[in-house]
Amino acid sequence: MDELMLDGNAAGGVLGEVFAVEMTTATMMCGGCGAAGPVGALHLFRGAGIVLRCPQCDNALVKITEGGGRMWFDFGGMQTLEIAM
Amino acid sequence: MPPIISRGFGGRRRGDAPPGRVPPGQYVTRDYPVLSAGPTPHTPLDRWDFSITGEVAEPRRWTWEEFRELPAEDVTVDIHCVTKWTKLDTMWRGVSVDTLLAGIGTTAGYVIQFSDGGYTTNLPLADVRDGKAWVVFDYDGGPLPPQHGGPARMLVPHLYFWKSAKWVRGLRLRTVDEPGFWEVNGYHNYGDPWREQRYWGD
Amino acid sequence: MEGTTVLGRLTWQAATVARLATETPRVTTIAFEVPGWPGHQAGQHLDVRLTAEDGYQAERSYSIASAPDGTRIELTVVRIDDGEVSPYLTGDLRPGDQIELRGPVGGYFVWEPDDGGPLLLVGGGSGVAPLMAMVRLRAAADSAVDTRLLVSSRSWEEIIYRDELERLAGDGLTVVHTLTASAPPGWAGYARRVDAEMLAQVGPGPAERPRVYVCGPTPFVEAVAEALVGLGHQPQAIKTERFGPTGS
């Protein structure tokens, strides 16, 4: 158990600044172990940026950095993103 | 649209900013905020080691006991986090990277710090030599707590603090640069707080 | 049924303090007027941003405690004594002051009356705030969904929304308190941290397939979620909102 950890739900505000769809109910599949689940249930850590990790294997699915009028996203750890339309 | 100023909000935990000590855009804190890109690792000391690998004539490795037998020194420095807090006069104890690299044969120009949990950060090799960097194991007079990077972390105070890896397990020397965990995601490849090099292109 | 709502991108917007109300000695509810507030769902949160005159900024997230009510929203804030933001929000803000907020956020930790039940809501300290939004919405919608609200507080005096919960109980809403630090003389209720035995007694059990929402400080949420899974509840049926180490 890590006291600092939050739920992916807490990234909803940051994601909502860029994505015009509700992202916490979107589904991500982990590129590491294949586990799939809602973004809201991912494990969120705040370092110099936000990291969303797979609840099964801790793989970093998404990194989000913000500053100087720009945002950066690294979806490299994620296999697939599913959004209900 | 500029942000709305909230009347009377100052941020109570801030400290005074002595002239010349605070890089541009930073605010002095009396706290020590805990920021982490992942869960706190808990490597037992009997499994911990520190390695120098990569472009070296001979890799080096120390167990915790061997590491703690190396000459160590007390270091007091200011630290600057890219998230805008600066903490003055932080006290550490650790082994100078010069000690770890003493006499090493290498043509490497770059070093990548690697940590438990997968974090990496990259610097020019010159930026960890000549008294600029340490592997520290004590903070503020006691053992470095896990949430602050214990049992050992890097201390490279002349750069933003994301360039000082927590839970460090070694240095990989390379002739080619290798942007690390945050450097690939918007953070500046070098990170000099005095030139406010926070993000790509700064 | 939570789907995906097309909202448009979120931006920081101005919110004006309308009213401050003391809930308990350390807890204040702040009502804001937010022109252009698009409405929200029960369980959603928003991000607050404070900017000082010298440009210093701090951001925090707070659950929306009120049921949807036009352009008015309420946040319930616990004062952390050496905190940076909560002493300002609970102590310095006055009606008419402005802050910035971004939201509403989160389609994951929400409940709507059409979702049905039964519901098991477990809140620790200020974690009861988003659950209160659900309970208030349930009342406003005249829903009779079987709802069990288990609230963990340090003491009787520190129970947030205590009187309102007493009034709302009934019509399918059961409110159960547990006190973890001190109890009033003659207290016959639970007087310990939430555990598996308590959760089994409060119910509903896994066979009834309740929708479960757990909110509060991270250690609280972890312990409760683990206990629920141990009782046989499906992990996917348990939605958690961790507030971080101190619950602030």
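How many residues of chain C are in contact with chain A, and how many of chain A with chain C? In this predicted model, 27 residues of chain C meet 25 residues of chain A. On chain C, strand 6 (98-105), helix 5 (218-231) and strand 11 (238-242) each supply at least two residues of the side that touches chain A.

Chain C also has a contact within itself. Its domain assignment gives domain 1 (13-105) and domain 2 (113-242), and their centres, taken over C-alpha atoms, are 24 Å apart. Here 13 residues of domain 1 of chain C meet 15 residues of domain 2 of chain C. Strand 1 (13-24) and strand 5 (72-78) of chain C each bring at least two residues to the domain 1 side.

Here is how two of these sides divide by residue class:

| Domain 1 side that touches domain 2 (chain C) | six residues | six residues | one residue |

Now for the sheet. Five strands of chain C form an open, parallel sheet in the order 9-8-7-10-11. Strand 9 (173-179) and strand 11 of chain C are at the edges with a single partner strand each, so one side of each has no neighbour in the sheet. From one strand to the next, the twist averages 10°.

Strand 11 of chain C pairs with strand 10 (residues 211-216) of chain C in the parallel sense, over five bridges. In this pair, C:Cys215 stands opposite C:Glu241. Helix 5 of chain C lies across strand 7 (119-124), strand 8 (147-153), strand 10 and strand 11 of chain C, and runs at about 155° to strand 10 of chain C.

How values were computed:
Residues are numbered from 1 along each chain as its sequence is written. Chains are lettered from A and ligands numbered from 1 in the order in which they are written. This is a predicted model: local features need pLDDT of at least 70, side-chain atom pairs count only at pLDDT 80 or more; totals for chains, interfaces and linings use all residues. Domain bounds come from an automatic or database domain assignment. Two residues are in contact if their C-beta atoms, placed from the backbone, lie within 7 Å. Helices (H or I, at least four residues) and strands (E, at least two) are DSSP runs, numbered from the N terminus. Ala, Val, Leu, Ile, Met, Phe, Trp, Tyr, Cys and Pro count as nonpolar, Asp, Glu, Lys and Arg as charged, and the others, Gly among them, as polar. Two strands pair if DSSP finds at least two bridges between them. Axes are lines fitted to C-alpha atoms, for helices over the stretch in contact, and angles run from 0 to 180 degrees between N-to-C directions.
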